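Please look at the following model with care.

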Amino acid sequence: MRDLTIAMPKGRIFEEAVELLRRSGYQLPPEFEASRKLIIEVPEENLRFILAKPMDVPTYVEHGVADLGIAGKDVMLEEERDVYELLDLKISACYLAVAGLPGARLNEVAPKIATKYPNVASTYFREQGEQVEIIKLNGSIELAPLIGLADRIVDIVSTGRTLKENGLVETERIVEITSRLIVNPVSYRMKDERIEEMVNRLTDVIEQND
Ligand SMILES: Nc1ncnc2c1ncn2[C@@H]1O[C@H](COP(=O)(O)OP(=O)(O)OP(=O)(O)O)[C@@H](O)[C@H]1O
Ligand SMILES: O=P(O)(O)OC[C@H]1O[C@H](OP(=O)(O)OP(=O)(O)O)[C@H](O)[C@@H]1O
């Protein structure tokens, strides 16, 4: 049986993704989560996992060094990589939203928008017919309006706690996010049977969850 290489996102999606794979019948060793290794071989399952930054997962899959990957829809929209989306895994749900300080003036000319998602934000405001200046940040996005770096932000909201505790309010909801199973187009052709099997097994578990 041919090996499959799967690019896994380190961080908050990881545990849910591992649980989903285990429930789909893949025997992943207990040390899987605890390890600091970036390549984990699971020969019993003919699987190899690489552990990447969430934003980089589609890059590994596009270049074919991973056959499959798990990536948030936010990452897919931002990165626009040449990969296929096979399945909505329905894990790590959150959404992208616009937020700002309450009562902030909305009629400013070219307001500044701080975000980790410059492509998603540019597309969104272009579609709204609004001219904005995008400021790319790598984290702590909610800080930007508080300190005067930006007028508004585009960021992930999950519980809403970060916005609330920083006195920010959501003004527009852009898109709902869940994690996706993605595939390299060549792998999809060459390893179709194994990939189809994984998709079927995952689909059964996802449907049970619904
Ligand atoms: N509350 C949340 N905040 C951010 N991302 C979330 C949240 N809930 C689910 N997600 C999903 O998790 C992914 C981000 O995971 P994580 O926060 O571990 O990575 P990261 O933001 O790249 O982390 P890092 O701080 O290491 O840069 C997102 O792409 C999104 O799909
Ligand atoms: O609605 P909530 O449940 O509060 O979650 C949303 C927050 O979580 C994420 O930040 P993260 O913890 O990844 O830190 P970061 O700012 O360093 O990206 C995201 O960027 C928001 O700030």
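## Around ligand 2

A polar backbone atom of serine 140 lies 2.7 Å from an oxygen atom of ligand 2, and a polar side-chain atom of arginine 12 is likewise placed 2.7 Å from an oxygen atom of this ligand. For arginine 161, a backbone N or O atom is found 3.5 Å from an oxygen atom of ligand 2; such polar contacts are pairs of N or O atoms within 3.5 Å. Of the 500 Å² of accessible area that ligand 2 has on its own, the protein covers 71%, where accessible areas come from the Shrake-Rupley method with a 1.4 Å probe.

Ligand 2 is surrounded by 13 residues, and the closest are Arg12, Ser140, Glu142, Thr159 and Thr162; a residue is counted here if one of its heavy atoms lies within 4 Å.

## The protein as a whole

This is a predicted model, in which local features need pLDDT of at least 70 and side-chain atom pairs count only at pLDDT 80 or more, while totals for chains, interfaces and linings use all residues. Residues are numbered from 1 along each chain as its sequence is written, chains are lettered from A and ligands numbered from 1 in the order in which they are written, and side-chain values use heavy atoms, with hydrogens and water left out.

The C-alpha trace of the protein spans about 60 × 35 × 30 Å along its principal axes. Of the 210 residues, 44% count as buried, that is, under 20% relative accessible area (1.4 Å probe, protein chains only).

Terms used: Buried < 20%, exposed > 50% of the residue type's maximum accessible area, 1.4 Å probe, protein only. Polar contact = N/O pair within 3.5 Å; in protein donor to acceptor, adjacent residues only side chain to side chain.
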